[in-house]
Amino acid sequence: MATKYVNAVISEEQNENSLPVLDGTLGPSAVDIQTLYARHSLLAFDPGFRSTAACKSAITFVDGDKGILLYRGYPIEELAESSSFVEVAYLLMFGDLPTPAQRQQFDLAIGNHNLLHEQVLSFYRGFRRDAHPMAVMVGVVGALSAFYHDVMNIRDANDRQLAAIRLVAKMPMLAAASYTYSVGRPQRYPNNKHDYATNFLQMMFGTPVQEFAVDPVLARALDVIFILHADHEQNASTSTVRLAASSGANPFACIAAGIASLWGPAHGGANEAVLKMLMEIGSVENIPKVIDRAKDKNDSFRLMGFGHRIYKNFDPRSRVIQGQAKKVLAHLGKDDPLLEIAMRLEEIALKDEYFIERKLYPNVDFYSGILLRAMGFPMNMFTAVFAVARTAGWVSHWLELQEESHGIDRPRQLYVGKTLRHYPGGK
Ligand code: SDX
């Protein structure tokens, strides 16, 4: 059968085959193909969604060619420099920076909901001690849907806001408990005299037997990490949350699905994979071999922390994290040879035709592991830290989706399987 083509021409002329072009406030316009199947019995084929806008959103804008990332219009560099994670969470969830009174109310709400129900802590005992923290978080956050199901009406805006606040507020204790359980340490509780990042660090590394003074430089570095990882438009885990939410599923169950998707090494799991890769490289002398492997089509090895579906220029977050890594290492008087390997790897790769041609740059995960390791986080907690931060973005998209009514997300397919056939000897 001869190949047929749709010759799409963008013009102001309208006819019975026309499809409207929708303009956003920033970024590429979109051809509205919602009626394509009904009118022409044609589907659009876009595995991986490279050219698909799955929804309208006003939360985050990314310009991958210019290395621009805006949260509700504010540049990520300015927020990382001058804001705090809790203020950014408010901005993402409600659309504007909070007034002092709104911020005070939000702080109070976070402080009222940052404790876990004591029975939730018993769930951790069902896991092996060596369970990966992300496996634990998928399970425990999913289990929270059992605690907040019948008491919540997601059709009610106040109930939705409370669910979103509960999730942002509880994530630090949920994540810290997945670590302290693995090392057999009793779980400390949040203390509302601390800010969000400080509370997380004291729950992670403090013990009940003595006061634990959190280093303010480390607390600030963690707050910046949280800001940088809070949202990133329709990435895989956020799209997972939105898809689950479109069926009306419990928000805790939707966030558990997002955690599961984030865990993958192609996504949020890359920060842990980067550190393992740098440790395997071991010294700058081994970098050329690694670059060759990354370029070898017959080798499944990829340079972890490099490349991005959207950023075809630098990832603005990577630069801020590299700066924080250097600052924290200097503050601690530590010297991490892996930072030198990472910087040398970046320098060599960015001069190599393979990476230049494919526009592969370090992404948010390339330096974050070095910074988290300098702060004392074990490698298997890196993605859990990412999940704590991204919960702010996930709940913001969950809230945004509740306001629109395009119904359940139900993609179609290009069927390439067997045509009709009958069971042998059937009646
Ligand atoms: C995050 O989407 C988001 O916004 C994600 C995120 C967020 O904040 O939510 O930014 C967080 O997930 C960052 C990405 C972390 N993942 C990694 O660092 C894993 C390593 N990176 C790759 O797996 C890859 O770059 C992806 C998954 C990030 C992007 O993959 P794409 O867009 O599907 O790119 P591709 O596979 O089509 O690659 C294009 C070419 C291919 O070569 P050719 O077939 O054209 O010859 O580039 C090559 C790829 O082989 N390539 C790499 C590479 N990444 C792409 N080659 C070596 N090393 C790499 N890392």
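Helix α13, which spans residues 287–295, buries Ile287, Val290, Ile291 and Ala294, where buried means under 20% relative accessible area, exposed over 50% and partly exposed in between, computed with a 1.4 Å probe and protein chains only. Seen down the axis of α13, these buried residues fall within an arc of 100°, so they line one face of the helix; the arc is that of the directions from the helix axis to the C-beta atoms. An α-helix has 3.6 residues a turn, so residues three or four places apart point the same way. The buried residues of α13 pack against α12 (270–281), α15 (337–349) and α16 (353–357), with contact meaning heavy atoms within 4.5 Å. Helices (H or I, at least four residues) and strands (E, at least two) are DSSP runs numbered from the N terminus.

The model is predicted, so that local features need pLDDT of at least 70 and side-chain atom pairs count only at pLDDT 80 or more, while totals for chains, interfaces and linings use all residues. Residues are numbered from 1 along each chain as its sequence is written, and side-chain values use heavy atoms, with hydrogens and water left out.

Around the ligand there are 24 residues, the closest being His232, His308, Arg309, Arg317 and Arg390; a residue is near a molecule if one of its heavy atoms lies within 4 Å of it. By class, this shell holds nine nonpolar, seven polar and eight charged residues. Polar contacts, which are pairs of N or O atoms within 3.5 Å, include those listed here.

| Side chain | Ligand atom | Distance |
|---|---|---|
| His267 | oxygen | 2.9 Å |
| Arg309 | oxygen | 2.8 Å |
| Tyr354 | nitrogen | 2.9 Å |

Of the 1,100 Å² of accessible area that the ligand has on its own, the protein covers 80%, as computed by the Shrake-Rupley method with a 1.4 Å probe.

Asp315 is found in the loop between α13 and α14 (316–332), and at 1% relative accessibility this residue counts as buried. A polar atom of the Asp315 side chain lies 2.9 Å from the backbone nitrogen of Val364. When residues up to four places away in sequence are not counted, Asp315 touches His308, Pro362, Asn363 and Val364; His308 is also listed among the residues closest to the ligand.

Ile10, by contrast, is placed in the segment before β1 (21–22) and counts as exposed at 72% relative accessibility. Ile10 and Val31 are 21 residues apart in sequence, and their C-alpha atoms are 9.5 Å apart in space.

Key:
A polar contact is a pair of N or O atoms within 3.5 Å; within protein, one must be able to donate a hydrogen and the other to accept it, and residues adjacent in sequence count only if both atoms are side-chain atoms. Ala, Val, Leu, Ile, Met, Phe, Trp, Tyr, Cys and Pro count as nonpolar, Asp, Glu, Lys and Arg as charged, and the others, Gly among them, as polar.
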